[in-house]
Amino acid sequence: MERLDKILSNLGYGSRKEIKAIIKKGLVKIDGEIAKDNSLQVDPEKSQIIINGEEIIYKKYIYLMMNKPAGVVSATFDKYDETIIDLLYPEDAIFEPFPVGRLDKDTVGLLLLTNDGELNHKLISPKYHVDKIYYAKINKEVNEKDVEAFEKGITLDDGYKCMSAKLQVLSSNNEGSEVYVTLQEGKYHQVKRMFESVDKKVVYLKRIEFGGLSLDETLEEGEYRELSEEEIEVLRG
Ligand code: URA
């Protein structure tokens with residue numbers, strides 16, 4: 001149960017003050033009866049709420065898939081840079097979603113956003129072995145020795161030993177390579193640092209899969225959409 005004015009302001013129908021005025025005008029009905037009090041306790045999942053003749057579709061959580069562009073930080077706030085939250089429409093931003101894990105400022109591709117803390121935890125905890133697949137361009141030739149080193153577990157510059165990772169070489173010659181990397185964890189700059197430890201440099205990085213969901217290729221960089229019920233179920237595993 002929650003206060004009626006809080007429910008409606010959380011859904012973006014106005015400030016608490018504005019909502020109080022709307023209620024006072026008799027424009028809000030709960031289960032067919034005009035609500036008289038803005039502090040009324042309502043269960044928005046069970047009660048029918050009609051505002052100005054229109055039934056509200058209540059949802060507590062939001063789940064978004066974004067094709068993150070380069071130059072934007074995966075944070076909810078930044079002093080200098082544009083954030084992924086700045087790319088959201090107000091009706092989605094009102095749910096206060098946050099990124100599920102982070103992509104570097106120059107990394108593009110699949111980024112999930114939600115306000116569902118429980119699912120977020122499940123998706124980013126290495127304990128649950130959720131696959132994240134990256135497409136990367138590398139400045140040098142990538143060989144079988146690198147594939148083996150990734151499989152055994154790369155040791156990063158700070159001494160951290162990574163979990164086993166799958167490295168798949170798509171093309172490779174002495175001018176550079178294209179690869180897929182599958183990780184089940186998400187350390188800071190992990191893909192870049194893994195390649196640095198074998199003396200190579202990532203020159204382009206795009207996440208293409210997360211937890212069984214592929215990046216929707218119809219999304220241009222900077223665009224996003226809500227996940228379907230089926231996609232949310234895939235993430236819940
Ligand atoms: N690894 C990186 O180095 N950067 C990212 O953005 C994601 C994974």
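Guide: Gladly! Let's get our bearings in the chain, which is divided into domain 1 (2-55), domain 2 (63-126 + 212-236) and domain 3 (131-210). Please keep in mind that this is a predicted model. The centres of domain 1 and domain 3, taken over C-alpha atoms, are separated by 52 Å.

Now to the ligand, which sits in the largest pocket. Around the ligand you will find Leu103, Asp104, Thr107, Tyr134, His189, Gln190, Val191, Lys192 and Leu205. Domain 2 (63-126 + 212-236) and domain 3 (131-210) each supply at least three residues to this shell. Among the elements, helix 6 (residues 190-196) gives the most to the shell, with three residues. Sorted by class, the shell has four nonpolar, three polar and two charged residues.

Let's go in to the level of atoms. Asp104 places a polar side-chain atom 2.7 Å from a nitrogen atom of the ligand. Thr107 also uses its side chain: one of its polar atoms there lies 2.8 Å from an oxygen atom of the ligand. With Gln190 the backbone takes part, as a polar backbone atom of this residue is 3.4 Å from an oxygen atom of the ligand. How much of the ligand's accessible area does the protein cover? On its own the ligand has 230 Å² of accessible area, and the protein covers 96% of that.

Note on methods:
Residues are numbered from 1 along each chain as its sequence is written. This is a predicted model: local features need pLDDT of at least 70, side-chain atom pairs count only at pLDDT 80 or more; totals for chains, interfaces and linings use all residues. Side-chain values use heavy atoms; hydrogens and water are left out. A residue is near a molecule or strand if one of its heavy atoms lies within 4 Å of it. A polar contact is a pair of N or O atoms within 3.5 Å; within protein, one must be able to donate a hydrogen and the other to accept it, and residues adjacent in sequence count only if both atoms are side-chain atoms. Accessible areas come from the Shrake-Rupley method with a 1.4 Å probe; for residues, only the protein chains shown count as cover. On a 1 Å grid over the protein atoms alone, a cavity is a set of points where a 1.4 Å probe fits but cannot get out, and a pocket is an open set with protein on both sides within 12 Å along at least five of seven lines; lining residues have an atom within 4 Å of a point. A molecule sits in a cavity or pocket if more than half of its atoms lie within 2 Å of its grid points. Helices (H or I, at least four residues) and strands (E, at least two) are DSSP runs, numbered from the N terminus. Ala, Val, Leu, Ile, Met, Phe, Trp, Tyr, Cys and Pro count as nonpolar, Asp, Glu, Lys and Arg as charged, and the others, Gly among them, as polar. Domain bounds come from an automatic or database domain assignment.
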